Amino acid sequence: MAAAQDLRARLGERTIVLVGMMGGGKSSVGRQLAARLKLPFVDADTEIEQAANMTVEEIFHRQGESYFRAGEHRVIARLLGQGPQVLATGGGAYMNADTRRLIAQSGVSVWLRADFDTLFDRVSRRTNRPLLQNPDPAGVLRRLMEQREPVYAEVDISVDSRNVPHEQVVSEVVVAMNAHLRENDDR
């Protein structure tokens with residue numbers, strides 16, 4: 001509990017921004033992290049759906065990915081201005097250089113990194129992943145990982161998301177963030 005209080009104090013007005021592949025645990029870990037830190041939890045995809053009055057899947061189908069990505073950037077920019085919170089972003093959000101810059105200015109970025117087998121197992125349980133709705137979802141996921149992981153590596157902090165209780169990953173995020181903030185804020 002002391003680590004959570006220390007982190008909350010060090011965070012100030014910054015947002016904790018969770019990035020990573022679909023199935024990485026951003027929403028589930030993010031909810032528990034927010035509860036531990038007594039911060040609001042916000043899911044960018046949910047906010048996008050509310051703003052568009054459509055599901056992410058419908059936006060992709062009707063308007064296309066580029067339209068979705070532009071809206072995603074606007075929503076994340078708005079959310080970053082709302083003070084300290086835990087923000088789960090969509091898997092492609094961090095690929096936008098302007099979004100990365102905004103996150104670096106107003107937040108602390110955390111990559112919930114997971115291996116292919118873990119991600120594929122998790123995303124295979126759901127049918128609402130627009131980018132995976134094709135004959136070779138495993139191939140698409142591998143290609144997305146190859147494209148995105150070098151960019152994800154630019155984050156402030158990386159924590160492995162794996163098949164352990166989410167509370168364990170949350171604890172690791174808190175420890176890693178405290179270390180990062182102590183090192184960087186005390187300079």
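**Close-up views of a predicted model**

View 1. Arg-113 has Asp-160 in E5 as its bridge partner. This is a predicted model, in which local features need pLDDT of at least 70, side-chain atom pairs count only at pLDDT 80 or more, and totals for chains, interfaces and linings use all residues. Residues are numbered from 1 along each chain as its sequence is written, and side-chain values use heavy atoms, with hydrogens and water left out. E4 and E5 run parallel and are paired through four bridges; two strands pair if DSSP finds at least two bridges between them. Strands (E, at least two residues) and helices (H or I, at least four) are DSSP runs, numbered from the N terminus.

**View 2. Strand E1 is covered on both faces.** On one side of E1 sit Thr-15, Val-17 and Val-19, on the other Ile-16 and Leu-18, and all are buried. With five of its five residues buried, E1 is therefore largely enclosed by the rest of the structure. E1 runs parallel to E4, joined by five bridges, and Thr-15 is opposite Gly-107 of E4. E1 also runs parallel to E3 (residues 86-88), here with three bridges; Ile-16 is opposite Val-86 of E3.

**View 3. Leu-87 and the largest nonpolar core.** A nonpolar core is a set of buried Ala, Val, Leu, Ile, Met, Phe, Trp, Tyr and Cys residues joined through side-chain atoms within 4.5 Å. The largest one has 32 residues, and Met-21, Leu-87, Tyr-94 and Leu-141 touch the most other members. Elements that each supply at least two residues of this core include E1, H3 (44-52) and H5 (65-80). Helix H8 gives the most, with six residues. Beyond its neighbours within four places in sequence, Leu-87 is in contact with residues including Ile-16, Leu-18, Val-42 and Ile-76; contact means heavy atoms within 4.5 Å. Among the members of a second, separate core of 22 residues are Leu-33, Val-108, Val-110 and Met-177.

**View 4. Helix H9 and its cover.** H9 (residues 166-185) has 20 residues and reaches 28 Å from first C-alpha to last, close to the expected 28 Å; the expected span is 1.5 Å times one less than the number of residues. Its buried residues include Val-170, Val-173, Val-174 and Met-177. Helix H1 (2-11), helix H2 (26-37) and E1 are among the elements that cover the buried residues of H9.

View 5. Lys-38, in the loop between H2 and E2 (41-43), has a positive phi of about 55° although it is not a glycine. Asn-53, in the loop between H3 and H4, also has a positive phi, near 55°. Most residues other than glycine have a negative phi. Lys-38 is exposed at 64% relative accessibility, and Asn-53 is exposed at 71%. Arg-100 lies in helix H6 (97-106) and, at 17% relative accessibility, counts as buried. Apart from its neighbours within four places in sequence, Arg-100 is in contact with Tyr-94, Met-95, Val-151 and Glu-154.

Key: Buried < 20%, exposed > 50% of the residue type's maximum accessible area, 1.4 Å probe, protein only.
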